[in-house]
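Have a look at the model first, then read on.

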Amino acid sequence: MGEPMRIGIVGLGRISGAYLTTLAHLPGVRVTALADRDPLRAEAARDHAPGARAVPVEELLTSDEVDLVLNLTIPEAHAEVATAALRSGKHVYGEKPFAMDLVQARTVLAGADGLRVGCAPDTVLGTGTQTARKAVADGVIGTPTAANAAFTSPGHESWHPDPEFYYRPGGGPLLDMGPYYLTALVHLLGPVERVVAAAGRARDIRTIGSGPRAGTDFAVEVDTHVTGALVHAGGVVTTLTTSFDVVASTQPRIEIHGTEGSLSVPDPNRFDGEVLLRRRGAAEWTALPPSAGYSGAARGIGVLDLVTNHRAGLPHRASAEVAVHVLDVMETLLSAAHRRTGLAVSTTCEPPAPVPLDEVAVDGRPFRTA
């Protein structure tokens, strides 16, 4: 198997705990360095990464003890940190969105020069989306014709102690949660060619609801309700809604409709979940057993997939190509909404290779965190 890929993590905020928990179970990787603008957070994270050093960001990015930089910073910093890491000869895997816009994204990619660049979400590699993908590919619902996808919530300020970045450029429901839904749709139905959209916001001021700053007001700088129609390369039309303005909803997360049936796809922000099928003439929905994907996966499985495929000389699945296309779709949706017109998406991508059920990991064992 060789020496483990040495991971340096930049950004030890809320999501880092999930990554640290997963990375501790992954074969073939080892966390060696931790960095954050707040040195105390980096020091505290050492409890979850035995042997890792807490260092300044600049030192981590150039350290000889780091092979891959895991970029968990806020969206505004994604491109800057990724570019600096690549310049230092490090592979990069980052949280979504890939960058603030396509200009930044292309700058990052220009510096890759043979290095691996990966990006969340990796939830699509779990058994939920992958089982649905296999069902579509196997023709279980006939020829896909349409889809609908919806993320709705009242907003993150009720539970997040520092929610402002969700309501600044680079945030909002589309750039925050859209990557989960759009990445799943790319896996299920292929890339998007053109879109139409509308957007708005319910209010200009929100109030922090938890933590030491509860009761603090802050400004909303982005649209908090975005809806659109997406035309996929194969002709399937998806209706997408992302919102921070909905108190409650019973809408399904994702549904795929075909000539012979419909699939209900589980929450793309999760790795597993029940895939439901209702074929033409059936009286009720039936659950499909898991038939593809990494079982028991959690945030960070995309890092393992990158490392495994890097060693095998194969493309990794949570790829920059897909992430940049998803970013382009989101940017085009917002532009179409503001310009009140339909627009073509300028990029495309190949859907990554499907994940066989319990694909073998780098140490010869099927991956499971459980």
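**Pockets and cavities at a glance**

The lining of the largest cavity splits into six nonpolar residues, four polar ones and one charged one. Keep in mind that this is a predicted model. A search of the whole structure turns up three cavities of 30 Å³ or more.

**The largest cavity**

- This cavity holds about 60 Å³ of space.
- Its lining includes Asn 71, His 78, Ala 82, Phe 98 and Val 108.
- Helix H4, strand E5 (91-94) and strand E6 (117-119) each give two or more residues to that lining.
- E6 is the top contributor here, with three residues.

**The largest pocket**

- You get about 1200 Å³ of space in this one.
- It is lined by 41 residues, and Gly 13, Leu 72, Thr 73, Ile 74 and Phe 165 are the closest to its centre.
- Helices H3 (57-62), H4 (75-87) and H7 (172-189) each supply at least two lining residues.
- H4 has the largest share of the lining, at six residues.
- By type, the lining counts 19 nonpolar, nine polar and 13 charged residues.

**The second largest pocket**

- About 280 Å³ of space sits in this pocket.
- There are 18 lining residues, with Pro 169, Gly 170, Leu 175, Val 222 and Leu 334 nearest the centre.
- H7 turns up again, and along with helix H9 (320-339) each supplies at least two residues of the lining.

Key:
Residues numbered from 1 in each chain as written. Predicted model: local features only at pLDDT ≥ 70, side-chain atom pairs only at ≥ 80, totals over all residues. Heavy atoms only, no water. 1 Å grid on protein atoms, 1.4 Å probe; cavity = no way out; pocket = protein on both sides within 12 Å on 5 of 7 lines; lining within 4 Å. Points joined across faces, edges and corners; volume = space filled by probe spheres on them. Helix = DSSP H or I, 4+ residues; strand = E, 2+ residues; numbered from the N terminus. Nonpolar A, V, L, I, M, F, W, Y, C, P; charged D, E, K, R; others polar.
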